[in-house]
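Here is a short briefing on a protein model. Look over the sequence and the structure first, then read the points below.

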Amino acid sequence: MVENQWRIEFPRLVAAAHAILRDPSAAEQVAQDAFVAALEQWPSGGVPDRPGAWLMTVTRRMAVSQIRRNVDLDSKYERIAEEAAWREDIPMGDLADGHIDDDILRLTFVCCHPSLGRDARVALTLRLLGGLTTQEIARAQLVPSATAGQRIARAKRTIRDAGLAFENPTRDEQIDRLPAVLEVIYLIFNEGYAGTSGEGWTRPDLAGEAMRLGRMLVHLLPTAAEAHGLLALMELNASRFRARAGADGPVLLEDQDRMLWDRLLIRRGLDALATATRFGGGPYTHQAAIAACHARALTLEATDWPQIAQLYDSYLERHPGPVAELNRGIAHWKAYGTAAAREIIVPLLSDPRLANYPYLPAALADIETADGNTAAATALLRQAIAMTHNGADKTIVTRKLQALERTAPGQDGPVDGSPPEPPSRSTREKE
């Protein structure tokens, strides 16, 4: 029970505590202390009817108590008490004047302050608002864990020492910070869509929170093309959630029952894509257009792979990156065959950013399997197994490895797990 509440409530508690304390490290500690209190009190006293409200009340009380201990109460308490008052979620229509009353969205803009470097603000936001561990953040940013930890610590110190106010940024500041805000929301959604670690393949709580923030952004900045583009990308990918898990575990795209795809989310995503395109679009809009090709295909065979390959070619011309290049290679495989895919994917083996990226050997294993190279595919699958940290992903490649070993008896080596699908529009799903 407490673990589920942690996933759901932790970002809200951190945001509420930071609104009072103005210190990211202290806010995170207070939120953690509230969960410690729950672990101590709920087993004996019972789980409250509204556990989220209970945690929020305890968090705010702890934050105010800490302020009382650390500041002069006479001049500060009135302001603190006002900010600590309970707030219900604000209706979206109230965002039209540019005022941000949602604590989480406001903290996202604070974490994306220009005084923080790009990597630091992404890492900090993933930690405070995504609730990701340092190891998960390191994998999301393709860096060692120590590097991710240093980024988070430096960002917290910068916000605390500079006294960055937990305030509503001006409209100009919102626009300036929007690319960074979109990036961190995108990464939070990715972690919800295909987790980098743990036993579950998805974290719907994270993906849902990312979409909520995305919807608030398009109300806050209704003419920002990329806010609509990101929302389209998230909703089109989220439409497949129900089809991605079956009785026997994770279900890959090619095996999904498309009747389970959420048609409402698809319609909303396509509408958001049309709006983004009308306003000019950008990289998220471009990725959403790729996701739309899958969403429009009622069967796997109806997928327009040449169009997807062309969209990737265009995207990579303006936004080069190793993960997108891997996706491009997969698209070219589906559209033009394995030789075309090899020309794109094999050079990625020498890219140090993908040295521990399990989706690369997993994708190459599929290509070797398609070409009948069972021994090479088996070796690549075992390599991918050693890299992955997600239990559900291990299930997928375990099946592939077992199937290959059944067709090629005498192969040496144990079957002990498997990595995830290669990346997707959201970063990971092989499409």
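**Cores and one buried threonine**

Setting aside neighbours within four places in sequence, Leu 124 is in contact (heavy atoms within 4.5 Å) with Cys 111, Leu 116, Ile 152, Ala 155, Lys 156 and Ile 159. This is a predicted model: local features need pLDDT of at least 70, side-chain atom pairs count only at pLDDT 80 or more, and totals for chains, interfaces and linings use all residues. Residues are numbered from 1 along each chain as its sequence is written, and side-chain values use heavy atoms, with hydrogens and water left out.

**Nonpolar cores**

- A nonpolar core is a set of buried Ala, Val, Leu, Ile, Met, Phe, Trp, Tyr and Cys residues joined through side-chain atoms within 4.5 Å.
- Buried means under 20% relative accessible area, with a 1.4 Å probe and protein chains only.
- The largest nonpolar core has 89 residues, and Leu 124, Ile 185, Phe 189, Leu 217, Leu 230 and Met 234 touch the most other members.
- Helix 9 (residues 171–193) gives this core its largest share, 11 residues.
- A second, separate core has 24 residues, including Tyr 357 and Val 397.

**Thr 59**

- Thr 59 sits in helix 3 (residues 51–70); helices are DSSP runs of H or I, at least four residues, numbered from the N terminus.
- Thr 59 counts as buried because its relative accessibility is 0%.
- A polar atom of the Thr 59 side chain lies 2.8 Å from the backbone oxygen of Leu 55.
- Beyond neighbours within four places in sequence, Thr 59 is in contact with Leu 13, Ala 17, Val 30, Ala 31 and Ala 34.

**Whole protein**

- Of the 431 residues, 55% count as buried.

Methods:
Helix = DSSP H or I, 4+ residues; strand = E, 2+ residues; numbered from the N terminus. Buried < 20%, exposed > 50% of the residue type's maximum accessible area, 1.4 Å probe, protein only. Polar contact = N/O pair within 3.5 Å; in protein donor to acceptor, adjacent residues only side chain to side chain.
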